[in-house]
Amino acid sequence: MPGIREIANTYNSPNYVGELFSLTPTDTPFLSAIGGLSGGRRANAVVHTWTVYDLRAPDPNRQRLEGADAPPAETRIRGQERNVLEIHQESIGVTYTRQATQAMFAGTGAANPNAAAIGGTNAVANEMDWQTQQALVQIARDVEATFLVGKYQEPTDNSTVRKTRGILEATRTNVITNSTPTPLTEGMVIDLLQKVWENGGIQISETATLMCGAWQKRQLTTEFVTKKNYQEQTRNVGGVSVSTIETDFGRVNLMLNRYMPPDIVQVVSLDQCAPVLLEKPGQGFLFSEPLAKTGSTDRAQIYGEISLEYGPEIAHGKITGLTTGPTASGGGA
């Protein structure tokens with residue numbers, strides 16, 4: 001059922017009797033696990049930065065002589081990561097008549113003429129409130145997608161939109177790239193986890209996560225559960241239920257995400273990630289406000305600016321170029 005892209009009135013937005021079901025998935029697991037639209041950190045500019053630093057390698061021969069002079073000074077330098085906040089803005093509108101006719105129902109469409117008098121109530125009590133809620137859900141889905149696949153864009157003037165960098169583009173160091181489509185294997189996953197672990201990622205087991213789409217999730221289940229006769233377990237991360245697998249680098253979450261590219265598996269240290277929100281004084285982040293009257297219609301806009309903080313990018317990793325279905329030789333789940 002297509003949605004409307006104009007003011008809701010009694011002709012294009014009829015009421016129906018009975019329980020209301022959504023045709024569209026609304027899950028946003030990555031966004032929800034790192035704080036959602038109401039959590040995260042606050043920004044004070046359209047560009048958000050954070051600082052990273054490292055330590056020298058451990059040295060087993062660092063001992064000093066008794067009474068020796070102080071060694072040469074050695075200081076640590078710091079670096080900076082950055083991301084830009086992007087604007088999400090939607091508007092809704094409902095005519096006065098549409099708001100006043102919540103008890104006026106469309107026909108059932110049944111062949112039985114008596115079905116037109118079927119009893120029941122409208123599941124939507126207030127049309128403006130319901131439309132506002134759906135706009136918020138749609139924004140959350142947009143943010144989920146951009147936090148994954150967003151391509152960084154920081155314009156020099158207001159002729160181009162700002163776009164936040166997603167976790168896939170941010171991940172540059174720990175990458176396994178297949179030049180031709182290759183089935184996912186246990187060894188491939190362990191190699192990536194090792195790269196990430198050696199660079200300081202996935203140190204907290206509760207937030208160490210493998211994120212992927214449907215086909216790669218099936219491959220992970222086959223490699224780490226089915227082939228090992230492992231009893232799959234689950235746990236809750238930031239309100240999101242995820243399954244887990246046992247690896248050489250601890251118990252790792254499997255996060256199924258419908259917005260992940262089908263040929264990629266992403267390792268995410270969720271503890272390093274957070275939404276970054278820019279709040280308008282007096283209204284906060286992602287607020288709704290009435291728009292100017294232009295007739296017998298109530299109109300409102302929903303507005304917010306948000307970005308992704310992903311910490312040090314070496315805390316994450318990805319495998320690219322994977323097959324996205326059964327291979328000709330019969331591989332896959």
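Student: Where is the place of aspartate 157?

Tutor: This is a predicted model, in which local features need pLDDT of at least 70 and side-chain atom pairs count only at pLDDT 80 or more, while totals for chains, interfaces and linings use all residues. Residues are numbered from 1 along each chain as its sequence is written, and side-chain values use heavy atoms, with hydrogens and water left out. Helices (H or I, at least four residues) and strands (E, at least two) are DSSP runs numbered from the N terminus, and in these terms aspartate 157 is in the loop between helix H3 (127-149) and helix H4 (167-170).

Student: Is aspartate 157 buried, partly exposed or exposed?

Tutor: Buried means under 20% relative accessible area, exposed means over 50%, and partly exposed lies in between (1.4 Å probe, protein chains only). Because its relative accessibility is 43%, aspartate 157 counts as partly exposed.

Student: With which side chain does the side chain of aspartate 157 make a polar contact?

Tutor: A polar contact is a pair of N or O atoms within 3.5 Å; within protein, one must be able to donate a hydrogen and the other to accept it, and residues adjacent in sequence count only if both atoms are side-chain atoms. At 2.4 Å, the partner of the aspartate 157 side chain is the side chain of serine 159.

Student: Which residues does threonine 297 touch, not counting residues up to four places away in sequence?

Tutor: Threonine 297 is in strand S13, and it counts as buried because its relative accessible area is 14%. Contact means heavy atoms within 4.5 Å, and with that cut-off threonine 297 touches Ile7, Gly93, Val94, Thr95 and Tyr96, leaving out residues up to four places away in sequence.

Student: Which element gives the most to the lining of the largest pocket?

Tutor: On a 1 Å grid over the protein atoms alone, a pocket is an open set of points where a 1.4 Å probe fits, with protein on both sides within 12 Å along at least five of seven lines, and lining residues have an atom within 4 Å of a point. The largest pocket holds about 1700 Å³ of space, a volume being the space filled by probe spheres set on the points. Its lining has 41 residues, of which Gly3, Ile4, Trp130, Gln131 and Gln134 lie nearest its centre. With nine residues, the element that gives the most to this lining is H3.

Student: Which element supplies the largest share of the lining of the second largest pocket?

Tutor: About 320 Å³ of space lies in the second largest pocket, and its lining includes Thr51, Val52, Tyr53, Arg172 and Ile314. The largest share of that lining, three residues, comes from strand S2 (residues 47-53).

Student: Why is helix H6 (residues 214-226) described as largely enclosed, and which elements do its buried residues pack against?

Tutor: Ten of the 13 residues of H6 are buried, so this helix is largely enclosed by the rest of the structure. Among the buried residues are Trp215, Leu220, Phe224 and Val225. The elements that the buried residues pack against are helix H5 (186-198), strand S6 (208-212), S8, strand S9 (250-256), strand S10 (265-269) and strand S14 (317-322).

Student: What is the phi of isoleucine 202?

Tutor: Isoleucine 202 is in the loop between H5 and S6, and it counts as buried because its relative accessibility is 4%. Although isoleucine 202 is not a glycine, its phi is positive, at about 40°.
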